[in-house]
Amino acid sequence: MQGITKFLERIGRGAGKVVGTLYQAGREAIDQVVKNILPFMAFIAFIIGVILATGVGDALARVLQPLANSPIGLVIMSLIIGLPVLSPLLGPGAVIAQIIGTLLGTQFATQALPAYIALPALFAINPQVGCDFIPVGLALGEAEPETVEVGVPAVLFSRLITGPIAVIIAWVFSVGL
Amino acid sequence: MDFLVQAAVWFIGLFQRGAEVFVGLVTGIIPLVIVLLTAFNALIALIGQERIDKIGEAAGKEGFKYMPLRYLVLPVVAVFVLTNPMAYTMGRFLPEKYKPAFYDAAVSFVHPPLGIFPHVNPGELFVWAGIAQGVTTGYGAAETAALAVRYLIVGLIVIFIRGIVTERITAFLWARRAQ
């Protein structure tokens with residue numbers, strides 16, 4: 001009798017733990033959606049709405065189109081965004097990457113840009129990723145101040161090389177899209 | 001009077017267009033993201049931090065053959081489990097000279113998985129979703145799925161290259177500094 005009670009208790013406890021973990025996971029998911037995703041969607045929806053309704057989108061697209069329309073243009077875009085002076089300024093919250101991405105998205109929606117451009121474009125809009133965050137990121141990894149002094153320019157210079165390389169690799173991998 | 005009416009219609013039209021976009025985003029993206037986030041949050045809670053720490057300790061070793069561990073396995077696992085920005089804390093297991101390169105590899109991996117694993121960086125979902133949403137509208141969902149997989153694969157290659165290049169540049173700058 002005692003064995004059965006123990007067995008049941010163990011099952012109950014195990015199930016409780018799993019359900020508790022899942023419930024907590026659901027709570028975190030909803031938190032992330034409400035705190036991070038929905039506000040950004042509201043912001044993006046407003047911007048896209050205005051851009052589409054006013055025709056500003058067409059004007060911006062005319063500026064971006066020549067750059068976005070060819071792999072070489074995208075390499076140039078990644079070089080500009082990856083410049084060590086610009087990249088830390090363009091980094092915060094990935095806001096710039098998200099806005100340019102959404103603008104390009106409207107061009108894919110109308111098929112003004114071919115689908116195979118999407119993959120290199122994802123890398124061309126983002127060579128600055130994390131460039132605003134290098135000292136903090138290194139500090140999170142418990143780096144010495146000297147490491148930060150060397151590490152910040154090292155990452156910034158590296159982006160100037162690896163940014164265009166990323167676009168070219170993505171272009172190669174976009175075959176068949 | 002007509003002019004006023006037209007102006008009013010145009011004005012509210014600006015926001016109606018935005019509202020349509022918003023509804024599309026909310027119904028198209030949010031339900032899937034919520035379910036995925038829940039699943040991965042639970043998975044991460046079950047895996048636990050201690051197991052990840054062990055990979056970090058191994059990745060700090062000297063030598064060429066530990067590069068894939070340092071700039072591929074460790075950043076991927078760190079970003080996947082700890083997510084942005086806590087993933088960068090895994091750098092604490094590495095020698096100082098490898099920390100900038102690890103940061104570079106890890107931070108470059110916070111967007112490529114977004115098409116399949118949005119939990120790694122839900123706050124910056126639109127680096128991916130902006131383009132993906134347009135591709136879905138213009139070319140269909142299958143095309144977007146193919147794009148998501150390729151984004152992840154190219155991301156893996158790029159972070160590995162970035163780790164190696166940044167490690168070299170760090171070594172170069174460090175040597176110059178010492179003189």
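## Aromatic pairs

Nine aromatic pairs are counted over all chains, where rings of Phe, Tyr and Trp (its six-membered ring) pair if their centres lie within 6.5 Å, and planes under 30 degrees apart count as stacked, over 60 as edge-to-face and the rest as tilted. Phe46(A) and Phe15(B) are stacked, because their ring centres are 6.1 Å apart and their planes stand at 5°. This pair joins two chains, since Phe46(A) lies in helix H1 (residues 2-54) of chain A and Phe15(B) in helix H1 (residues 2-47) of chain B. Helices here are DSSP runs (H or I, at least four residues), numbered from the N terminus. Phe46(A) is partly exposed at a relative accessible area of 45%, and Phe15(B) is partly exposed at 34%; buried means under 20% relative accessible area, exposed over 50% and partly exposed in between (1.4 Å probe, protein chains only).

Phe40(B) and Phe80(B) form an edge-to-face pair, 5.5 Å centre to centre with 90° between the planes. It links distant parts of the chain: Phe40(B) is in helix H1 of chain B and Phe80(B) in helix H3 (residues 67-82) of chain B, 40 residues apart. Phe40(B) counts as buried at 13% relative accessibility, whereas Phe80(B) counts as partly exposed at 21%.

## Basis of the model

This is a predicted model, in which local features need pLDDT of at least 70 and side-chain atom pairs count only at pLDDT 80 or more, while totals for chains, interfaces and linings use all residues. Residues are numbered from 1 along each chain as its sequence is written, chains are lettered from A in the order in which they are written, and side-chain values use heavy atoms, with hydrogens and water left out.

## Interface of chains A and B

In chain A, 80 residues are in contact (heavy atoms within 4.5 Å) with 67 residues of chain B. The buried area between the two chains is about 6,200 Å², with carbon and sulfur atoms giving 75%; buried area is the accessible area (1.4 Å probe) that two parts lose on being put together, summed over both. Met41(A), Leu122(A) and Val150(A) supply 10% of the area that chain A buries against chain B, more than any other three residues.

Three salt bridges cross this interface, each a side-chain nitrogen of Lys or Arg within 4 Å of a carboxyl oxygen of Asp or Glu. Arg177(B) and Glu146(A) meet in a salt bridge at 3.4 Å, N to O. H1(A) gives the largest share of the side of chain A that touches chain B, 24 residues.
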